[in-house]
Amino acid sequence: LCKKPRQDTMNTWQQVIDPFIAQDGSCPVGMTTKSEISAQRDKTYRQLRTGELLQEHSIKADLIVMTLPVPRKGMVSSSLYLSWLEVMTRNLPPILLVRGNQQSVLTFYS
């Protein structure tokens, strides 16, 4: 289980996600629900904690290159996913999020 993020990180994330939480009943495209937030609690903690570690260890970097966290299609709403990215990368030096295509690549020079 992932260590719970600090309270200030949780508060920042809550401010980011609040406008995108659908009210009871319907959930328009792009919105999230309280039940989804509850179901994705551990993953949320992991993403927010990653942001804290980036702040702790990479704040003085000129550039941060990191693998883009990719959620499973249909499992996480876009608003929840983007809230993770927003809080994870907030107040950091320039950050490049890289995503592969699941194929191994061998590069060589002749």
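**View 1. Strand S1 has a covered face and an uncovered one.** Ile64 and Met66 make up the covered face of S1, while Val65 and Thr67 make up the uncovered face. The model is a predicted one, in which local features need pLDDT of at least 70, side-chain atom pairs count only at pLDDT 80 or more, and totals for chains, interfaces and linings use all residues. Residues are numbered from 1 along each chain as its sequence is written, and side-chain values use heavy atoms, with hydrogens and water left out. Helices (H or I, at least four residues) and strands (E, at least two) are DSSP runs numbered from the N terminus.

**View 2. S1 and S2 run parallel.** The two strands are joined by 4 bridges; strands pair if DSSP finds at least two bridges between them. Val65 stands opposite Leu96 in S2, and Thr67 stands opposite Val98 in S2. From S1 the chain crosses through H4 to S2, a β-α-β crossover that is right-handed. Right-handed here means that, with the strands pointing away from the viewer, the path from the first strand over the helix to the second runs clockwise.

**View 3. Helix H3 covers residues 41-58.** Its 18 residues reach 25 Å from the first C-alpha to the last, close to the 26 Å expected at 1.5 Å a residue; the expected span is 1.5 Å times one less than the number of residues. The buried residues of H3 include Tyr45, Leu48, Arg49, Glu52 and Leu54. Buried means under 20% relative accessible area, exposed over 50% and partly exposed in between (1.4 Å probe, protein chains only). Among the elements that cover the buried residues of H3 are helix H1 (7-17), strand S1 (64-67), helix H4 (78-89) and strand S2 (95-98), with contact meaning heavy atoms within 4.5 Å.

**View 4. Helix H4 packs its buried residues against H1, H2, H3, S1 and S2.** At 1.5 Å a residue the 12 residues of H4 should span 16 Å, and this agrees with end C-alpha atoms 16 Å apart. Ser79, Leu80, Tyr81, Ser83, Trp84, Leu85, Val87 and Met88 are the buried residues of H4. Glu86, also in helix H4, counts as partly exposed because its relative accessibility is 34%. Asn91 follows H4 and has a positive phi, near 60 degrees.

**View 5. The largest pocket holds about 220 Å³ of space.** On a 1 Å grid over the protein atoms alone, a pocket is an open set of points where a 1.4 Å probe fits, with protein on both sides within 12 Å along at least five of seven lines; lining residues have an atom within 4 Å of a point. Points are joined across faces, edges and corners, and the volume is the space filled by probe spheres set on them. The lining includes Arg6, Asp8, Gly51, Glu52, Met88 and Asn91. H1, H3 and H4 are the elements that give two or more residues to this lining, and H3 gives the most, with 4 residues.
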